[in-house]
Amino acid sequence: MSEPDANQSQQTERAPAGIDVNVPSVARIYDFLIGGKDNYAADREVARKLVEVVPGLETDSAAHRAILHRGVRFLVEQGVRQFVDLGSGLPTAQNTHQVAQGIAPETNVVYVDNDPIVLAHGRALLAENNRTTVITADLREPKSVLEHPDLLRLIDFDEPIGLMLLGVIHHINDDEDPAGLLRTYLDALPSGSWLFLTHFLHSGPESEKLERVMQGSHSSGRFRERDEIAAYFEGLETVDPGLVHIAMWRPEEPVDEASLTVEQRLVVGAIARKP
Ligand SMILES: C[S@@+](CC[C@H](N)C(=O)[O-])C[C@H]1O[C@@H](n2cnc3c(N)ncnc32)[C@H](O)[C@@H]1O
């Protein structure tokens, strides 16, 4: 985690237009946890409450970025040359397009996030990359994503697509029908496409406490049961090792499941192919 800027008012002045820095945002809380600088006092306050519940939570956030890198590399190796990254978050080191285009420069990437700060920072990063774009849309309104002209410019629905939902479906509450939303996106993908999804796991009292803090601060953040998460992959072919704690998904060095810490047990993920 980075320490807050000593001069808070200066930081407020630097906030992009239209961003309310007084309301905590998932994108900026996460940015703080992974050591970014695009966060404000209200975000850091929530992040600190979360770290109070589970010291070491920022290590788990870093693990989230690590599985993103391993998963994107895997998908590019399977021949995927176009990605839709839903709930992409603020740009940080080694984003999806940098990992994918580092292996296959012809890869197109569309980032989608409903927080306008992601677009504000993403624009500058992507100004010179015509195979990558950032759109501001809410994944709870699939039409606004799937029919967005900037997405349609880069994504060919006749070719396999890598659909990424990392750390975002758990921000869709039960009454917002996460499974139904996911089904709508999967139905839109051609055969041979891929789902890459990670999700908070109900894993004991700490996960319940974290859920209470998150729901209290920004009204989202569900730690679901493994069966509920596995159901998101129904009808797809999940590749080895299946739905596992993210540290266990094709790690670069062997990982002993018994040695996983509380924070390493909070998130599971998998990659699956649409037949
Ligand atoms: C925890 S961050 C994950 C960032 C990135 N996917 C990763 O794994 O490093 C979750 C992101 O999802 C975004 N998000 C939450 N609800 C969303 C929604 N309904 N539509 C689009 N994006 C959403 C948040 O703004 C945030 O940037």
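How many aromatic pairs does a search of the whole structure find? The search finds three, where rings of Phe, Tyr and Trp (its six-membered ring) pair if their centres lie within 6.5 Å. The model is predicted, so that local features require pLDDT of at least 70 and side-chain atom pairs pLDDT 80 or more, while totals for chains, interfaces and linings use all residues. Residues are numbered from 1 along each chain as its sequence is written, and side-chain values use heavy atoms, leaving out hydrogens and water.

**View A. Edge-to-face pair of F74 and W249.** The ring centres of F74 and W249 are 5.7 Å apart and the planes stand at 85 degrees, so the pair is edge-to-face (planes over 60 degrees apart; under 30 is stacked and the rest tilted). Because F74 belongs to helix α4 (residues 57–77) and W249 to the loop between β7 (244–245) and β8 (267–273), the pair ties together parts that are 175 residues apart in sequence. Helices (H or I, at least four residues) and strands (E, at least two) are DSSP runs, numbered from the N terminus. Both F74 and W249 are buried, meaning under 20% relative accessible area with a 1.4 Å probe and protein chains only. Ring pairs link F74, W194 and W249 into a cluster.

**View B. Stacked pair of F200 and F223.** With centres 4.2 Å apart and planes at 5 degrees, the rings of F200 and F223 are therefore stacked. F200 lies in strand β5 (residues 194–200) and F223 in the loop between α10 (205–218) and α11 (226–231), so this pair ties together parts 23 residues apart in sequence. Both F200 and F223 are buried.

**View C. Surroundings of the ligand.** The ligand is surrounded by 18 residues, the closest being Y30, R65, G87, D113 and D138; a residue counts if one of its heavy atoms lies within 4 Å. This shell divides into eight nonpolar, five polar and five charged residues. Helix α2 (residues 26–33) supplies the largest share of the shell, three residues.

**View D. Polar atoms facing the ligand.** A polar side-chain atom of R65 lies 2.8 Å from a ligand oxygen atom. An N or O atom in the side chain of D113 is 2.6 Å from an oxygen atom of the ligand, and one in the side chain of D138 is 2.8 Å from a nitrogen atom of the ligand. Of the 610 Å² of accessible area that the ligand has on its own, the protein covers 96% (Shrake-Rupley method, 1.4 Å probe).

**View E. Helix α3.** The buried residues of α3 include A42, D43, R44, V46 and A47.

Notes:
Polar contact = N/O pair within 3.5 Å; in protein donor to acceptor, adjacent residues only side chain to side chain. Nonpolar A, V, L, I, M, F, W, Y, C, P; charged D, E, K, R; others polar. Buried < 20%, exposed > 50% of the residue type's maximum accessible area, 1.4 Å probe, protein only.
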